[in-house]
Amino acid sequence: MFNRETWIEIAHTVTANPLRTALTGLSVGLGIFILVVMQGLGFGLQNGVEQDFADEAKNTIWVRTGTTTLAYRGRQPNRYIELRDEDEERVTEQVVETPAASGRLSMWGSTVQYKNEQGNYPLMGVEPDFAELDLIPLQGGRWLHQDDVEKEAKVCVIGENVINELFKQRSPIGQYIILRGITFRVVGHFTKNGRWGNSMVYIPMTTMQRLFQGNDAIGSMVLSTGDRDLAGSTDMVDAIDGDLRLRHAVHPEDQRAVRVRDNQEEYAMFDRIFKGIRLFIWVIGGLTLLAGAIGVANIMAIVVKERTVEIGVRKALGATSGSILSLIVIEAICLTLISGALGLIAGVATLNYAAPYAQHDYFTNPEVNLRVTVTALIVLVLAGAFSGLVPALRAVRIRPIEALRYE
Amino acid sequence: MLALRGIEKSYPLAVGSLPVLKGIDLNITQGEMVAIMGSSGSGKSTLLNVLGLLDGFDSGGYDLDGVDMSGLSEKQAARYRSQFLGFVFQSFNLISFKTALENVALPLFYQKVPRRERQRRALEMLGKMGMDDRADHLPSELSGGQKQRVAIARALITSPRVILADEPTGALDSTTSSEVMSVLREVNASGITVIIVTHEADIAAKCDRTIRLHDGVIIEDGRSGEVVEPTANGAGSSD
């Protein structure tokens, strides 16, 4: 089946009419090119969104507050709802069960000095659990301890940008820096993606409250849902939401005063969206490819018609139906596979060259993975076999003597 | 060698069917040189189809070299074809993108003969036809007579027992025609049965035996050039 004669004959057919072959190949190549590029773009979009999610643990609930927009129980709107220590205590001890929780009290644009260097960075008071909730990858030193919180210790953990800009190449561990005029000791540092991640300076929540806030506000709050499933985390959201609205007299319809966001639910939603997008891409790409395969089938049908006499001669000379069938089918597969492979290479190359110019918060690393490539190749071979089979069956039915009388 | 008994065949039409062979009885012994004559529509090419195992038949019996050929599968037919039969066609039907040598070697390819062996035997056969100096030429570079010699070499390469020639001189001038006929006579002299379908009386005259077909039945069968009695069993329609 795969011997020298077969290849010589395939090479002959393919080169006998180069323009026709090229145009047919183009339709298949373009189909696979579109499929690959669209898959890549789909993955790029997904990567971007997933990276955004990767900044935080997926099984977290984020609680934020704001001013009320609706009057409720005799209270006027425009009242600021502030989360305090008691809210966190009550929510984590009475309302829901959670393996990890932390407040997030931030002060943006805080002046940070180290020797003669200084810069503005966001300062954030957090609790020890925050590292696992916000997935902070520690590069050196240690994270904040419970002990630091209890003693209101003046210690901080800083991001890579702070090191690069203030410490240059020196190790920051054990060094003293001045945060908003107060001296802190650097105990750890980290590298984190995301817009602000690397510029953060984390200190214990209690220290933040005592030195810079003056009360027991905790800013916002983040809780882990543990290993709860989506339904479990949704129950948790409802419980927290209900409790806070009750305690702070917030109207149930007030969208701004209390906002409880479930990462797991958002992730599930994005996941559904991306499944939809991927399916859509496959359908579009598949149909484009189908159009290409039909083109190949069409050309093969013409080839069979052109070669009717030749096929008749071959039969008279002892060719079996199988050998005729495989000749045509292999030819079609070769045509689709070669042009498809070129389309595939072109698609991957385009993505690789275009990727650096197409970075965006919600679009990173447009790539084609091995699975898509292999699937595309399998689809190609099937398309080729499909496009060869119909004309080949027609070739097999050719009656030699009639073929030989066919002028 | 070849024995047909009451072969009937009809082609389906949109409505009903068209009977083409209406009961053919024919015996051809090893080493005969036979001409099958008849006007167009007489059924002679259908008969050649059947003899050449290129098409089946509706009823009757066909023994080739003592083996019953009825109800063969496509694959079996292809095997017997390549084992027993060689074909020569009116329009030569050489494959245009293959050289003379490759054309002659093609039947051996279907017999799965190794490449070197194929080429050696093909060159030897071209030599016998006086065509070895044209081995590397494409068909388009050969004259009509040369093409037919290559075609005959191709038919002979598998050492068939029977050569079936469909109007082998139809596309040739009279000088070349007689050249080709003398090649076929030489082939016949080597003991191979030669069956020629023709409508030319002078070609038929160069054969030993002439069978005349009309309207699906044999109306004459006898020594070439002689007037013979029809063996017809009437114009009985099969359908």
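A crossing of two helices is called left-handed if the near helix is turned anticlockwise from the far one by less than a right angle, and right-handed if clockwise. By that rule, α3(B) passes α4(B) in a right-handed crossing. Bear in mind that this is a predicted model, where local features need pLDDT of at least 70, side-chain atom pairs count only at pLDDT 80 or more, and totals for chains, interfaces and linings use all residues. Residues are numbered from 1 along each chain as its sequence is written, while chains are lettered from A and ligands numbered from 1 in the order in which they are written.

**The helix pair in chain B**

Helices here are DSSP runs of H or I with at least four residues, strands are runs of E with at least two, and both are numbered from the N terminus. Helix α3(B) covers residues 100-110 and α4(B) covers residues 115-128; their axes come within 8 Å and cross at roughly 120°. The axes are lines fitted to C-alpha atoms, for helices over the stretch in contact, with angles running from 0 to 180 degrees between N-to-C directions. The two helices are therefore oblique to each other (under 35 degrees is roughly parallel, over 145 roughly antiparallel, 65 to 115 roughly perpendicular, and the rest oblique).

Who does the touching? On the α3(B) side, A100(B), L101(B), V104(B), A105(B), L108(B) and F109(B); on the α4(B) side, R118(B), Q119(B), R121(B), A122(B), L123(B), M125(B) and L126(B). Being in contact means C-beta atoms, placed from the backbone, within 7 Å.

**Where the chains meet**

On the chain B side, 22 residues are in contact with 18 residues of chain A. Elements giving two or more residues to that side are α1 (44-51), α2 (74-84), β6 (85-89) and α3 of chain B, and α2(B) has the largest share with 5 residues.

Here is the make-up of both contact sets.

**Strands in chain B**

Chain B comes to 7 helices and 10 strands. Strands pair if DSSP finds at least two bridges between them. An open sheet of 6 strands runs β6-β7-β8-β3-β9-β10 (chain B), with mixed pairing. Its edge strands, β6 and β10 (217-223) of chain B, each pair on one side only. Within the sheet, β7(B) (residues 162-166) and β8(B) (residues 193-198) pair in the parallel sense over 5 bridges, and D166(B) has V197(B) as its bridge partner in β8(B).

**Over in chain A**

Strand β9(A) (residues 201-204) pairs with β4(A) (residues 117-126) in the parallel sense over 4 bridges, while 2 bridges join it antiparallel to β6(A) (residues 155-159). Residue Y202(A) in β9(A) stands opposite M124(A) and also opposite V157(A).

Finally, look at V260(A), found in strand β11(A) (residues 258-262). With 20 C-beta neighbours inside 10 Å, V260(A) counts as buried (20 or more other C-beta atoms within 10 Å is buried, 12 or fewer exposed, in between partly exposed; C-beta atoms are placed from the backbone). Leaving out residues up to four places away in sequence, V260(A) touches I61(A), V63(A), V237(A), I240(A) and D241(A). The C-alpha atoms of V260(A) and I240(A) are separated by 7.7 Å, with the two residues 20 apart along the chain.

Technical notes:
Two residues are in contact if their C-beta atoms, placed from the backbone, lie within 7 Å.
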